[in-house]
Amino acid sequence: MYGQISLLYVFLSTTAFLFLAMTIIWATSILIKNPTIIDVWWSAGQAVTFTAYLIYLADYQSDKIAPNKSELPIYLLIGMICFWALRLSIFLLTNCQKNRL
């Protein structure tokens with residue numbers, strides 16, 4: 001269905017996305033004078049990075065590593081990482097709002 005995507009492409013595209021997002025978050029933190037919002041994005045950025053790599057691993061490399069094996073463990077790992085990142089982001093966001101008031 002898809003052509004082969006190299007790991008370098010995944011790395012460069014996630015790096016560019018994270019750089020752009022972090023620059024926007026940093027500029028926003030300067031405008032609102034609240035640098036703690038950067039921490040909220042940090043955990044979400046981890047989820048983006050690991051999810052991109054693990055989807056690449058599941059979709060493009062699983063047949064090379066272990067043919068005829070299920071990708072379910074990889075997708076469970078993605079779910080666990082995203083749950084952790086969402087939980088940490090919500091925790092940091094609520095603390096950020098408490099400290100802001």
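Within helix H1, the buried residues include Val10, Thr14, Ala21 and Ser29. The model is predicted. H1 runs over residues 7-32. The helix has 26 residues and spans 37 Å from its first C-alpha to its last. That is close to the 38 Å expected at 1.5 Å a residue.

Next comes the end of H1. Just after the helix, lysine 33 adopts a positive phi of about 55°. Asparagine 34 sits in the loop between H1 and H2. Is asparagine 34 buried or exposed? Its relative accessible area is 9%, so asparagine 34 is buried, as the cut-off for burial is under 20%. The side chain of asparagine 34 also makes a polar contact, at 2.6 Å, with the side chain of threonine 36.

Now the aromatic rings. How many aromatic pairs does a search of the whole structure find? The search finds 2. One of them joins phenylalanine 17 and tryptophan 41. Their ring centres are 6.2 Å apart and their planes meet at 70°, so the pair is edge-to-face; the cut-off for that class is over 60 degrees. The pair links distant parts of the chain. Phenylalanine 17 belongs to helix H1, and tryptophan 41 to helix H2 (residues 37-65), 24 residues apart. Phenylalanine 17 is partly exposed, with a relative accessible area of 41%. Tryptophan 41 is buried, at 17%.

Tryptophan 42 and tryptophan 84 also form an aromatic pair. Here the centres are 6.3 Å apart, the angle between the planes is 80°, and the geometry is edge-to-face. This pair, too, links distant parts of the chain. Tryptophan 42 is in helix H2, tryptophan 84 is in helix H3 (residues 72-100), and 42 residues separate them. Tryptophan 42 has 46% relative accessibility, so it counts as partly exposed. Tryptophan 84 has 32% and also counts as partly exposed.

Which residues make up the largest nonpolar core? There are 6: Leu54, Leu57, Ala58, Ile74, Ile78 and Ile81. In soluble globular proteins, nonpolar side chains tend to be buried together.

Alanine 58 is one of the core residues. Beyond its neighbours within four places in sequence, alanine 58 is in contact with Glu71, Ile74 and Tyr75.

Conventions
Residues are numbered from 1 along each chain as its sequence is written. Side-chain values use heavy atoms; hydrogens and water are left out. Rings of Phe, Tyr and Trp (its six-membered ring) pair if their centres lie within 6.5 Å; planes under 30 degrees apart count as stacked, over 60 as edge-to-face and the rest as tilted. Helices (H or I, at least four residues) and strands (E, at least two) are DSSP runs, numbered from the N terminus. Buried means under 20% relative accessible area, exposed over 50%, partly exposed in between (1.4 Å probe, protein chains only). The expected span of a helix is 1.5 Å times one less than its number of residues. A nonpolar core is a set of buried Ala, Val, Leu, Ile, Met, Phe, Trp, Tyr and Cys residues joined through side-chain atoms within 4.5 Å. Contact means heavy atoms within 4.5 Å. A polar contact is a pair of N or O atoms within 3.5 Å; within protein, one must be able to donate a hydrogen and the other to accept it, and residues adjacent in sequence count only if both atoms are side-chain atoms.
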